[in-house]
Amino acid sequence: YKGALPWCIKYCLQIMNQFYIITIVLIKLIYGQQRHFPDCQSGPLSPYPICNSSLSYHVRAQDLISHMTIDEKISQMVTRSPSIDHLGIPAYIWWSEALHGLAFCPGVQFGGDLPSATSFPMPLNLGATFNMKLVYDIGQIISTEAPTFNNYGQAGLTYFTPNINIFRDPRWGRGQETPGEDPYLTSQYVYSIINGLQNGDDSKYLKIAASCKHFNAYDLENWNGTDCFSFNAVVTDQDLVETYLPPFETCIRDARVAGIMCSHNAINGIPSCANKFHLRTLARHAYHLNGFIVSDCGAIDNIMGTHHYTSTVQDTVAVALHAGTSLDCGDFYSKHSKDALLNGTISEQDIDKALQWNYETLLRLGWFDPPEQQVYRQYTKEQVNTKEAQQLALKSAQESIVLLKNNNGPQQLPINLNKLSGKRIGLIGPTANATILQQGNYYGQAPYIINPIEGFEIVTKGTNVSIEFAFGCSVSDTDESGFQQALDVAHRSDYIFFFGGLNQSIEAEARDRTSITLPDIQVKLIQQLEQMTEASLHVVIMSGSGLDLSFIRDSSAFTSLLWMGYAGQSGGLAVATVIFGLYNPSGKLPITFYPQEYVNQVPMTDMSMRSSPINPGRTYKFYIGQPVYEFGYGLSYTTFKYEWCDSASSSIFNIEHLMTNHYDDRFIIQTYRVNVTNTGTRDGDDVVLAYLKPELKLIKNVQPPLKQLFGFTRIHLSINETIQVYFPLNIRSLLTIGSDGSKWLHQGQYHLHIGKQQQSYTVKLYGKSSRWN
């Protein structure tokens with residue numbers, strides 16, 4: 001049964017997909033390609049204000065809603081909105097996915113004119129690049145391919161992406177979907193990706209409508225019997241303000257996202273999709289959300305069903321609608337809103353308000369406007385899988401690979417292609433021939449996938465090198481029957497590469513881990529390789545989370561260690577170019593790699609970030625233990641030197657002056673300059689990370705972070721080249737968050753460090769500690 005089920009599901013999905021494509025083709029033949037858009041030129045809506053593009057979106061949406069019956073209104077409150085024939089409104093599926101490229105989901109179909117879409121590395125990989133221009137460019141490619149699919153009737157214009165929850169615990173199965181554990185990095189990522197997804201050549205319209213998820217404090221799937229559908233996340237105001245909220249504030253207030261998704265879990269006893277404070281007070285009013293709020297799929301049902309927050313279906317509809325959840329990914333609204341209306345727990349105005357947000361979003365996308373007026377409606381299949389997209393997929397994979405270990409010696413990386421003639425390379429392990437696994441989760445049909453074996457073959461073509469592959473073992477079962485073949489390949493190889501890691505059966509949506517080591521079967525094979533061969537061993541890890549790799553780090557038998565994450569359609573070629581020196585690795589870890597004992601020190605259900613007698617702390621900002629590899633770690637084939645440009649070693653600021661002369665905590669109080677020099681023997685990129693370490697005269701019960709990121713930049717330097725980089729310091733970076741969530745400027749010293757550099761620049765605040773309002 002376990003073996004047959006995935007096959008059956010895949011087979012059924014293939015049949016459904018083909019049926020859908022045939023249906024779309026028939027619709028196009030009968031009605032024309034634009035049939036899935038409302039006809040505002042000659043259709044039933046054409047005489048009404050909804051079709052007058054000179055009017056405001058608010059007025060137009062209001063007019064459309066006024067022509068609907070109450071039953072029709074209710075039918076439009078769910079993500080599978082049916083057609084309203086007398087108004088000429090076609091059916092619309094709100095649920096499309098594009099986490100790192102268009103992905104399989106109800107709203108996206110592959111086949112026919114558009115059989116595939118570009119598959120970029122997972123967001124955790126993109127976090128490792130620390131390259132926000134790259135993230136923006138990826139967003140632009142995705143938001144070109146997405147409306148193209150829409151023009152052919154194979155996707156929607158509203159996307160449930162990106163995932164910007166903080167990767168606070170290494171066991172979380174969906175951490176791979178996020179850019180990492182740091183709120184500042186995540187905020188910079190979301191600003192770049194949203195601008196890339198939503199903005200384009202025509203400022204009148206959104207290219208696509210993104211939605212930041214999952215609002216909020218969502219980072220547990222299913223751990224030791226606790227699942228996200230019933231989990232009550234107990235979160236302090238301090239952690240909310242300091243860790244969980246900043247990426248959403250940036251997403252909504254600064255990037256102006258078109259929507260957000262409320263999460264399955266409850267926060268301090270209130271289900272997220274029924275939480276007025278989070279959805280209305282924070283998202284709508286404080287951050288100025290101008291768009292829809294969609295529930296995570298089934299989350300409205302769970303308000304009553306798993307959280308037991310309400311006792312009737314009518315009250316459940318009411319608390320979700322009144323909190324601001326305007327769209328139900330499910331069918332709870334469509335089933336029960338009429339009853340809630342009839343018994344007076346909601347009003348028709350509540351329904352109208354929800355639809356107003358939803359339809360204003362579709363208007364901003366140009367859904368009702370003539371196609372000839374819109375740049376994005378002119379996109380054709382030639383805009384998908386372009387050379388530019390292919391090159392960007394490879395570049396992003398290359399920039400994301402992190403070199404964790406590289407011992408000095410004749411077989412250290414990179415391997416010189418000019419000295420390979422007559423040599424034998426052994427590729428061993430369960431991820432060396434990975435295909436779909438390289439895409440991580442929320443993936444689509446890639447135009448091609450280059451696995452590591454193929455990558456090696458491409459790079460070594462014409463070098464008279466022999467490449468031999470042995471599977472050895474699967475990712476996680478107990479079958480050792482392939483060990484001997486792997487050992488035989490290793491025995492006759494001059495270079496041995498073990499490709500291992502995790503897969504979606506271990507870490508995924510609905511699946512958290514209990515261990516953060518490599519699966520036992522892989523460890524056993526690696527240990528046998530270590531004992532039997534005199535050749536140097538190289539290890540490449542494919543995973544979407546951190547692992548305790550200390551035994552590889554500490555053993556002299558292992559020459560190098562690479563983390564390649566889930567690197568997308570060109571991942572295998574990317575890692576091969578790094579190994580053979582065609583690309584100088586420059587990725588930095590966007591997460592902490594913890595030792596295995598971490599999982600015994602704190603349960604996943606403990607949401608607190610700071611260390612305590614029962615918690616070693618979470619992320620590099622608060623973890624007091626010794627990590628296997630720390631956040632921001634990553635080696636290069638060259639070396640870099642940092643020097644502060646300012647002659648003085650400190651800056652002094654008066655707290656009272658900062659309080660009285662500035663109202664915005666984003667105000668930059670000073671910009672610091674650092675000279676970066678490539679002192680090695682190869683050209684390469686450097687990711688320059690700027691940290692702030694507070695040393696404060698504190699009031700009681702204040703525990704600032706051990707350090708925190710306040711700036712980063714990625715630069716390319718030739719040998720001996722020096723580039724000056726700039727790090728603006730704003731007031732927000734100096735604020736200390738109190739236990740009640742209040743923000744303070746405290747007197748004391750703040751040491752600025754570049755990377756692991758010991759030399760620091762000191763910022764001094766003097767005067768009376770004051771609360772920032």
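Three strands make up an open sheet in the order 23-24-27, with antiparallel pairing. Strands here are DSSP runs of E with at least two residues, helices are runs of H or I with at least four, and both are numbered from the N terminus; two strands pair if DSSP finds at least two bridges between them. Strand 23 (736-737) and strand 27 (770-772) sit at the edges with a single partner strand each, so one side of each has no neighbour in the sheet. Strand 23 is joined to strand 24 (residues 743-745) by two bridges, and Thr736 stands opposite Trp744.

The model is a predicted one, so local features need pLDDT of at least 70 and side-chain atom pairs pLDDT 80 or more, while totals for chains, interfaces and linings use all residues. Residues are numbered from 1 along each chain as its sequence is written, and side-chain values use heavy atoms, leaving out hydrogens and water.

On to the domains: an automatic or database assignment gives domain 1 (49-220 + 237-383), domain 2 (393-600) and domain 3 (640-771). Domain 1 and domain 2 each bring 42 residues to their contact, which means heavy atoms within 4.5 Å. The area buried between them (accessible area lost on being put together, 1.4 Å probe, summed over both parts) is about 3200 Å², with carbon and sulfur atoms giving 56%.

One salt bridge turns up across this interface, under a rule that wants a side-chain nitrogen of Lys or Arg within 4 Å of a carboxyl oxygen of Asp or Glu. Arg174 and Glu509 form a salt bridge, their closest N and O atoms 3.3 Å apart. Helix 4 (123-129) and helix 5 (132-151) each supply at least two residues to the side of domain 1 that touches domain 2, and helix 4 gives the most, with six.

Notes:
Buried area = accessible area lost by both parts, 1.4 Å probe.
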